Structures are given as C-alpha cells and as structure tokens.
Amino acid sequence: MAKSSTGNFFEDFRLGQEIVHAVPRTVTTGDVSLYSALYGMRFAVQSSGAFAQSLGLRRAPIDNLLLFHVIFGKTVPDISLNAVANLGYAECRFLEQAWPGDSFTARSTVIGLRENANGKTGIVYVRSTGYDSSGKPVLTFVRWVMVNKRDQSAPAPEVVIPQTAAAVSGSDLVIPEGLDFSAYDPALAGSPFLFDDYQVGEKIDHIDGMTIEEAEHQIATRLYQNTAKGHFDGLAQKSSRFGRRIVYGGHVISLARGLSFNGLANAPFIAAINGGRHVNPVAGGDTVYAWSEIIDRHAFEHRTDVGALRVRTIATRDLPCAAHPAPGSDAEPSVLLDLDYWVLVPRGAG
Amino acid sequence: MAKSSTGNFFEDFRLGQEIVHAVPRTVTTGDVSLYSALYGMRFAVQSSGAFAQSLGLRRAPIDNLLLFHVIFGKTVPDISLNAVANLGYAECRFLEQAWPGDSFTARSTVIGLRENANGKTGIVYVRSTGYDSSGKPVLTFVRWVMVNKRDQSAPAPEVVIPQTAAAVSGSDLVIPEGLDFSAYDPALAGSPFLFDDYQVGEKIDHIDGMTIEEAEHQIATRLYQNTAKGHFDGLAQKSSRFGRRIVYGGHVISLARGLSFNGLANAPFIAAINGGRHVNPVAGGDTVYAWSEIIDRHAFEHRTDVGALRVRTIATRDLPCAAHPAPGSDAEPSVLLDLDYWVLVPRGAG
Amino acid sequence: MAKSSTGNFFEDFRLGQEIVHAVPRTVTTGDVSLYSALYGMRFAVQSSGAFAQSLGLRRAPIDNLLLFHVIFGKTVPDISLNAVANLGYAECRFLEQAWPGDSFTARSTVIGLRENANGKTGIVYVRSTGYDSSGKPVLTFVRWVMVNKRDQSAPAPEVVIPQTAAAVSGSDLVIPEGLDFSAYDPALAGSPFLFDDYQVGEKIDHIDGMTIEEAEHQIATRLYQNTAKGHFDGLAQKSSRFGRRIVYGGHVISLARGLSFNGLANAPFIAAINGGRHVNPVAGGDTVYAWSEIIDRHAFEHRTDVGALRVRTIATRDLPCAAHPAPGSDAEPSVLLDLDYWVLVPRGAG
C-alpha cells in the first residue's frame, strides 16, 4: 500500500467528520525569534517579557498570528493539499494566550460540503481548533476551500452550507486572563494613540513597504509546517497556472500586520478575525504595502482599561497606500489581502 | 606568524593523530527552530515535547541530523578546508539522544592516509566523535575526503586504508534510553504505517519538491558553523570548476530527510548512517525531490515496541521521483544524493 | 490626527532632549541562534555555555554586536528614519554582559545639532544607552547622522558640536564581571594566539569571503527591529539615488566580525568601539572580505589573565584582502567599512 499521501480529495470528506491533525508542535522562543525576524514584529507585549509582566501576564505571549499559522499549518495536509483556492475565513477567535514552551495540537470538523457545478471541484467547510498541552482550546476558526475531486464521476454529497457570522460580536471577544492595561506605557510601546483616539471610518496609511524574498516565505511557511506544494516546488510551479511559487497567504497577513504597527502600535492582541480574502496571488519580489480602516469600536462592560477596534487592513503589491486603494476599485489588481479583525487596545485614563 | 589559518593540507595529517576541534557549541531550542524552518521537519518526537514525553523521553530531543551537522561542522576547519571532495561516510552511529541546552564538542582521529597517484592530492580517513557536556559520546562516524597537498614534493605517507563496515549491524543500533513506543499515536504522528507494514524492496516516492535558495543553504551552513568556503564565497566560486556556490552536502541530506516524512512519518530517529555519497554537486535554484527503498529490517530482541528499517534514500535535482531514478542509470546526472541509513520505527500491537 | 509616524526631521530635535525609545525587547536564545546563523559566529564564549562557565560566567553571554544592533534598532524610528547618512560612531562602551532571557530598553539624549549650509539637512548628535531589565546600562555610544529638514524655512538651531574622544582609553574598558581567562582553552577556542602574540602594526588577512543575500540582510535587520525603509522597500529604492535596497551598515559590521574569527579567534569580547565609518553603501550580491590591523595594546593593572587589543578592521566588496586594501588608496571604491574597536584577549601563562 502506498506509504506517501497525496492528501484528501473532495469526495474523501464527509459531513460531521472529525479529523485529528498531525503533527503536535512545541512553540519555543526560537520560533518566536524567527517569526519576529521574518516580519519585523514590534508590538511591545510580545516583544518584551518585562513589558508583558508589567501588564499582569506571566511572560511575553506567542503572537496570535504565529499561533494561527502553526494551527493552520497542521490542517493543510488533511484539508487543503489538493485545494484550488482558499476561499475564506470566518469566526476566528483567540480563546487563550499561548506561551512559549507549550505544545499544541489541532483538530477539525467538516461542517459543510458543496460540489461545484462543473463536477471537478467542491467546497469543503471546516471548523478547526487548536489546543494547548492541557487540552484547552486556544483558537478556533472556520475556513472554506475549493478542493479538487479525485474522480469526477464520484457522486455529489448533499449540499450543506454552514451559517457563519459576518463578524465576531464584540461581546464574544476574549480578553487575555490576567491582562490589566492600566499600567500600559504608550511611550515604550511606540505610539501615544489609545482606544479613544481612534474613530470609526478613520483610515491609516501604514506607509512602509516590504519586499518579499523567496527564501523568506519558504522559511516562514516551513516554520509553520505547512506542506502546500505551491509554496516550495519551483519546478512544478513553472507549469502551473501562476507560473511560479505562490507565497502562503498567511505570510502576507503577517507582513501586513507587521506594517500596521506604524499606526496601530498599541494593538498588541488580535482577539478575532472576522473574515479575510486573498484577493490576488503573491510571489517573491513583490513589495507589500498596507493601510487600515477602523470599521467598528467595542467598549467592554466593567473594563475601563481596554477596548476593541474592528479593523479592516488591505495589503497591496507594488502600490503605496496613501490613496487607500481597495478591492472593487481600479486598484483591485494590486490588492493582495482584505482582512477584517478585532484588536484589543488600551484605553487612556478616563 | 600568520594569525589566520588556511587549514590543513594532506601532508599535515599523521596516522593516529588526535585532533581537538574548535568550537564548543550549545545547541538551543533556537537552533532547533531554525533547523525546522529550513527543512520543514515534522517528525512528531522532535516537533513536540508533549509527544516526546508520552514516549518516556524527558523532552523533545535534538534532531539526529542537526546534531550530525553541528559535529561535522566542527571538523571542517581541521579536516576538509582544503578538500577537493567529500568521498564517503561510514559507520555513523547515534549513541545518545542530545537535548537542547546541552553543549557539544568534537574530536577526530586520523585512521587512514593514501596519497593519490597524481602527487597533488591524497585521501584522509578520520573517525570523528561528538561529545555532550558530561563527556559522553553522542555520535561517531568515519568519513574520508580528498585533500590537496600544499607542496607536491612532500613525501607520500605509508598507505593505510581502514576497514569500514558496509553497514552498521542491526544489533549495534542504539535505542534511545527510556524510549517506549508502546503509547505511540500514529494519527498524531501523521501516518498509520508502522514497522510491520514496510517490506524489504518496497519503494516509496516522497512526492514533494523543495527549491533551494542561496540564503537558505548559507543560513543553514553557518548555523552548523561549517566554514567551507565554497558554500559562501560567490565571487571566488565564479572562477571555480563549478562556477558558483556549492550547497553543503548535509543540507541536501536534511532536505531529503524532510521530504521523506511523506512516506516515513513514523521514523523519527536515525540510529545509524551506513554510507552516503554526494553524487552530483548542488546549487541554489535546484529543486530537490526524493524517494526511498526499504533495504533491510531488524527486529530487536526483547523489544516488541520498536524495530529498525534500513532505508536507501535517493535525492534528485529537478526530477520528480515516481519512476525511482537511481545512480548508475540514465538518470544519474540528476541524482544528488544516495544515502543508506537505519531508522527506528514503532511496531504495531502484536 | 495622523496615527502613523514619518519620523523626526532635523527641526524636531532640541539640544538636551531626552528620548525614550520604543520597543522594549527580550533577547532570547532564539535571537542568538539566528544571529549565529546569519554570520557564522564562532567565538567560543558566546557559542558554548559550558565554555563560558569554565571562565566564571554564568552562561554564554549575548554577542556584543547583537546587543548593539538591538539597541541601535530601537533608536532608528526616533533618530534616523529621515537620515540621509550615518556619519559616525564614537565612545561606544560595553558596560555589562547581557544574558539571554533579559529584557532591554533604550534611551537617547541629543548632545549636538548643526544645520548644514544648504538649509536642507542638519547633523544630529545623540548619545544612546541600552539598559537591562534591572535598569543597569549595558552599553552606551554616540552617533551622528545627517537628517533631512521637513521645512527648509525652519530656523537653524544654535550650533553645538560635542567633543568625542578619538578612542576609548584602555583604562576605561570594562572587563566582564566574574570573567577569569586563566582556564581559557585556546585549542577549543580555535587558535593558539593570545594577547602577547599580537604586535602593534601587525596586519591580518581574514581570507574568507561571504556573499550577501537580500533575504539575509532583511531577516537580520528585522531581527534588530530596525525600521529604516531603505533596507526593505525594493520598489521605493528603485527610484532612490542608489537604485536598490541598501544593506544595514551594522550587518556589514557583523559580517566583518564573523570573518575576523580567522585570525582573531581569541577575541570573544568587544569592549569598545572607538569609531566607525561606512565607506560605501552595500547591496545584496556583494561578497564581503575583511582584514585587520592591530593598532594598540592595553595591559590591565592587576590582571595577568586578560589584555586588550585595539583593532582596525576594514571590510571590502568583491576584493580579497591579502594586499590590505584601505580607504584613501585606489581601493577606496571597494572599501565598505572602516571600524576601530577594542577586544579583550586572554594572556598566556606568564
């Protein structure tokens, strides 16, 4: 029997199927260093143990997106090895802070299936959850991917399309246990702007650009143990639709997040990802820029130290963002990412 | 007196000479992270401390090949700085698991010498051993390299060619202390196939390809503190036989090992390397593929939880391996590596 | 109000101004691994905890230059984001060893200002100091940069040019607390040459070359959280004077330091940097070589185990250094760096 796996095809998925993903993973300070060096991360809470402790945390937590990529990576060999496209994300919530040295696992449940009219592909909806070594869920998200069929004559399953929320409700956001932003030092963190300084509708150009090198996105994507072939096999990609290696979409999310520090320095925690779309594929040599719009605000009951901003961050290729280029405009061919998420931000003294 | 070293030449070696290699090295979880990110390593025992502990180990051990590269790297400035070619390896045995945070040193003994007929080069045979900070040997191997003479008129030494075993005997393989594979979870590890599922003669295509970037092999080779010039000095290499930087052969071994996960996911330990040959030089831009053949099996006395498979893994450049391309065939110009080694694999419940 | 920062311009600086720099940073063994892998560092004290402990240190300290880059990086968003050029360094002293796991911050004082005659730029002199988590200063240095004015009509400040020493005095060098070189093992460290073997005027070719890849200098510079645009934004740099990304000058300093191991292996500590000049800009693809001259020696009172060598290291692009190419000669267009610094070296048994 063939020992190597070619991954699951559309007809291999069953509604309600539970998938235990390989491979368990300890995330260490070494992973954190590499993550920082790949994106230039500067959020003070994750950068400094002393700063994190001044806010009531035991140490510097793992960056939310690093955890996301690690858990996402585990799902790839089972869910998306034969994916034609990652279609969307929803209802991603960060439930517990994760700490360097802990070990993580991932499991998914198939929550929807829909064969496409062409009979060649279908859409698989899964809810994936990451767990720490004590078994507590640390993050959960829904994603849907278009997956090839192995055998076009395989019968189509019953169509089930799950309902997902357009956005995580502000009241469902989890504030990290023990976090107290009262002693937050904005000068050390890099910006004077706190929760009450941001208005809905405000647009922020993150100014800086970052050129992607092939070695960088490959190192990142392997760090996440993500095995999707298109990121690594330059030879096979020559004969693909795209003609070359495609950068892992999550790499662009982290690049945009790194760039967003210039304008959102006091947003060290992502509490939720409401949705995201990889608008165009990305390749080595592209220079990524980003801008953000504040699209909602949430004040927590009984908490005067912390608020949540709902942010839409748009990343572009080879196009600076002073003019706020958006999908649906003439600039769409230059847009790479359209991400909608909640961040936690300290509130100034009332 | 010249303070910088140009390395040893053939006439600098003496039979029986003992060489203490610089530089001692602490291997940390940072090194482990970088190693994982360079090759996409996914063997569960090394990936997860929790998984390692479920098998009786104190924590996730250092990947055998990372340890090998670190010890090998130490030998380079003394043994192979003036090497024309790495001719072979033999009798490489992993004696103890190595743990992040420990410090390692290396020593070698010259066990053979043979000047070549051209009077310009000679072959040096050494046995190199790595030690942990308590002085226990952690791995040992024989290698032989062709080294330039400084002075062609220097007299040839007596010819001594050491006998090396064609393969390490199964009964000489060391099972890591404390390891008990009884509780091994194949689903978490990524494959249902255990020791008894593999047959001698079985061939496995590892399917995936990995394109090498110059930055990647340079970062890897410096991580190992390997100072061989050909890997780093692009300018000098322009006027070399090869015309460009050559990738450290060990980088290809680790790439092939990383690829071999798809088909050999339950082989987390390399117990021995019987032999290896770098069939052709490798350069940045090459896409590496690999396939393996099971060439022997060993059942340990008194152990029902673990067996050993002897594996031959062949790596190629720009040639997928579904057809099992091998040295000695028309495919030889595309073959990069031919490696013969023992891995430890859990046995299923009897 | 604009949330993203475009950095300070010349007229934003005031004499005597104190600047608290973002972002605090914990330096971990992960950062150390990456630093080693980027430059191939092999100084035994920083490479091995066991070796460091044999000399009375608690563990392997953080490489002086890694600490320098981290502190320097913090100053960039405030001091040099709009710099036209880094003009010089002086009086850099390493005051305390820094240890992995500790958290660092940085502050600067403006100690000099001088508008240039063209009215478009001015020179800012700052003293920057890094602190450990207990608040102790770990390193301090002066640098001066040419910074653009935002508004050419802004009035020029009073001219104040600080006096800086041509070199740190040998008696002001700090020997790491607890360090005792008596038990130093030169064989393990990689060279037999100790303090008394080096003569003033002696020139050392470090022989090896290292080709810079774009991914490498970007990863390094982000590791240091240095946000200077010219290192990352390949698109914007196309329309710059230089036409492409410029490598962070500190990257070249560390490359030269890594190369200097071959000839100065027993100089594990930099005690001070007297001055430094980036003679020409550096780009990806350049191959860096280096040579050094011993320009002074200092014997410490009451210490027979350690001495200090004042070293001038010159790094070149695409030009091997056997002939000791120097600024001010025909070779100047190939010279990248001219660095003057003190290192601590064990003394042999008297």
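Modeller: Buried area is the accessible area, found with a 1.4 Å probe, that two parts lose on being put together, summed over both. The structure discussed here is a predicted model.

Colleague: How much area do chain A and chain C bury between them, and what percentage of it is on carbon and sulfur atoms?

Modeller: The size of an interface is often given as the accessible area lost when the parts come together. In this contact, 45 residues of chain A meet 36 residues of chain C. Chain A and chain C bury about 3000 Å² between them, and the part on carbon and sulfur atoms is 58%.

Colleague: By what turn can chain A be laid on chain B?

Modeller: Two copies of a chain are related by a rotation about an axis and a shift along it. For chain A and chain B the shift along the axis is 0.0 Å and the RMSD is 0.0 Å, with a turn of 120 degrees. That is the relation of a three-fold axis.

Colleague: Which residue of chain A comes closest to the rotation axis?

Modeller: The distance is taken from the C-alpha atom, and the closest approach within chain A is 2.2 Å. The residue in question is A:Gly30.

Colleague: Which side chains meet in a salt bridge at 3.1 Å between chain A and chain C?

Modeller: Across the interface of chain A and chain C, four salt bridges are found. A salt bridge requires a side-chain nitrogen of Lys or Arg within 4 Å of a carboxyl oxygen of Asp or Glu. The pair at 3.1 Å, N to O, is A:Glu216 and C:Arg222.

Colleague: Which helix of chain A gives the most to the side that touches chain C?

Modeller: Chain A and chain C have 22 residue pairs in polar contact. On the side of chain A that touches chain C, eight residues come from the greatest contributor, which spans residues 29–39. That element is helix H1 of chain A.

Colleague: How far apart are the closest N and O atoms of A:Lys3 and B:Glu202?

Modeller: The contact between chain A and chain B takes 36 residues from chain A and 45 residues from chain B. The count of salt bridges between chain A and chain B is four. One of them joins A:Lys3 to B:Glu202, with the closest N and O atoms 2.4 Å apart.

Colleague: Which element gives the largest share of the side of chain A that touches chain B?

Modeller: There are 22 residue pairs in polar contact across the interface of chain A and chain B. The elements giving two or more residues to this side of chain A include strand S1 (18–26), strand S3 (103–115) and helix H6 (214–223). The largest share is seven residues, and it comes from S1(A).

Colleague: Is C:Ala326 buried or exposed?

Modeller: C:Ala326 lies in the loop between strand S10 (306–317) and strand S11 (335–346) of chain C. Leaving aside residues up to four places away in sequence, C:Ala326 touches C:Trp291, C:Ile314, C:Ala331, C:Glu332 and C:Val335. A residue counts as buried under 20% relative accessible area. C:Ala326 has a relative accessible area of 17%, and therefore C:Ala326 is buried.

Colleague: How many residues of helix H6 of chain C are buried?

Modeller: Helix H6 of chain C covers residues 214–223 and is mostly covered. Among the buried residues are C:Glu216, C:Ile219 and C:Arg222. The count of buried residues in helix H6 of chain C is 10 of 10.

How values were computed: Residues are numbered from 1 along each chain as its sequence is written. Chains are lettered from A and ligands numbered from 1 in the order in which they are written. This is a predicted model: local features need pLDDT of at least 70, side-chain atom pairs count only at pLDDT 80 or more; totals for chains, interfaces and linings use all residues. Side-chain values use heavy atoms; hydrogens and water are left out. Copies are superposed by least squares on the C-alpha atoms of residues with pLDDT of at least 70 in both. Contact means heavy atoms within 4.5 Å. A polar contact is a pair of N or O atoms within 3.5 Å; within protein, one must be able to donate a hydrogen and the other to accept it, and residues adjacent in sequence count only if both atoms are side-chain atoms. Helices (H or I, at least four residues) and strands (E, at least two) are DSSP runs, numbered from the N terminus. Buried means under 20% relative accessible area, exposed over 50%, partly exposed in between (1.4 Å probe, protein chains only).
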